[in-house]
Amino acid sequence: MDEQQIPQPRPADGPAPEPIRWFGTSWLERGSGYWARRVAVPLGALVAVAAGVLLLRFAVEGVRDSEAGGFVYGLLVAAIGVCSLLSGLRTWKVLSEGKSALTGWMTEEKSLGAVWLIGFAGALFAYFLRSLTEAPGEAVKRAGYDRAVLDAGRRRSGQAARSGNPKRAKKRR
């Protein structure tokens, strides 16, 4: 078992862990239904992907039935595919590295909002895949929490604390 998976007891006066959607703070010690949620979340995400793909299929079939032409039909299918791919890549990066790691086109919220909306199935599929390995976003939250605990430990031990009055400090030359 590697060190990241060993539950660390939370200090009473230490930092509070950030909750994760569907998991709350159970990811920290992996207790109170964590494993049941680890099974339910991927299943729920997979059901949502299936429902989303069915919805997109109805939309595409509607365009095909309107006899708009093969070019329009192909363009629509390609657009949905590209949007799903981009949305899935962005979701994977957010869940594995955090939102602060987004760069370039991935940071666009408003101007690419339609792409993220059309590509919702790709985002759901990325969420499903990520939930197979961990609670989605757990690695990012755990790294942030471990840093906060380490910083709090330093402050408590006095490593980062100031000592004495800085006005009475001797000037170094």
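**Figure 1. Salt bridge between Arg90 and Glu109 in the predicted model.** In this predicted model, Arg90 forms a salt bridge with Glu109, and the closest N and O atoms of the pair are 2.3 Å apart. Arg90 lies in helix α3, whereas Glu109 lies in the loop between α3 and α4 (113–118), so the pair ties together parts that are 19 residues apart in sequence. Arg90 counts as buried because its relative accessibility is 12%, under the 20% limit. Glu109, with a relative accessible area of 39%, is partly exposed. The pair also belongs to a network of salt bridges in which Arg90, Lys99 and Glu109 are linked. The structure holds 8 salt bridges.

**Figure 2. Salt bridge between Lys93 and Glu97 within helix α3.** The side chains of Lys93 and Glu97 meet at an N to O distance of 3.3 Å. Both residues lie in helix α3, 4 residues apart, which corresponds to about one turn of the helix. Lys93 counts as partly exposed at 22% relative accessibility. Glu97 is likewise partly exposed, with a relative accessible area of 45%.

**Figure 3. Salt bridge between Glu138 and Arg142 within helix α6.** The closest N and O atoms of Glu138 and Arg142 are 3.0 Å apart. The two residues are separated by about one helical turn, because they stand 4 residues apart in helix α6. Both Glu138 and Arg142 are buried.

**Figure 4. Leu85 on helix α3.** Leu85 is placed in helix α3, which spans residues 70–97. Leu85 is exposed because its relative accessible area of 53% is over the 50% limit. The C-alpha atom of Leu85 is separated by 9.5 Å from that of Phe120, a residue 35 positions away along the chain.

**Figure 5. Nonpolar surface patch formed by Trp92, Phe125, Leu129 and Leu132.** These four side chains make a nonpolar surface patch of about 360 Å². Helix α5 (residues 120–133) gives the most to the patch, with 3 residues. Trp92 lies in helix α3. With a relative accessibility of 35%, Trp92 counts as partly exposed.

**Figure 6. The largest nonpolar core.** This core comprises 12 residues, among them Ile20, Phe23, Trp27, Leu28, Leu95, Phe128 and Tyr145. The elements that give two or more residues to the core are α1 (26–29), α2 (34–65) and α5. The largest share, 3 residues, comes from α2. Of the 173 residues of the protein chain, 28% count as buried.

**Figure 7. The largest pocket and its lining.** The largest pocket has a volume of about 730 Å³. Its lining consists of 27 residues, and those nearest the pocket centre are Val94, Leu95, Pro136, Gly137 and Lys141. Two or more lining residues come from each of α3, α5 and α6 (138–157). Helix α6 gives the most to this lining, with 6 residues. Leu95 is both a member of the largest nonpolar core and one of the residues nearest the centre of the largest pocket.

**Figure 8. Overall arrangement of elements for orientation.** The protein chain contains 6 helices and 0 strands. From the N terminus on, the elements run α-α-α-α-α-α.

Notes. Residues numbered from 1 in each chain as written. Predicted model: local features only at pLDDT ≥ 70, side-chain atom pairs only at ≥ 80, totals over all residues. Heavy atoms only, no water. Buried < 20%, exposed > 50% of the residue type's maximum accessible area, 1.4 Å probe, protein only. Patch = residues over 30% accessible without salt bridge, like charges linked within 9 Å, V, L, I, M, F, W, Y side chains within 5 Å. Areas by Shrake-Rupley, 256 points an atom, 1.4 Å probe, with all protein chains shown as cover. Core = buried A, V, L, I, M, F, W, Y, C linked by side-chain atoms within 4.5 Å. 1 Å grid on protein atoms, 1.4 Å probe; cavity = no way out; pocket = protein on both sides within 12 Å on 5 of 7 lines; lining within 4 Å. Points joined across faces, edges and corners; volume = space filled by probe spheres on them.
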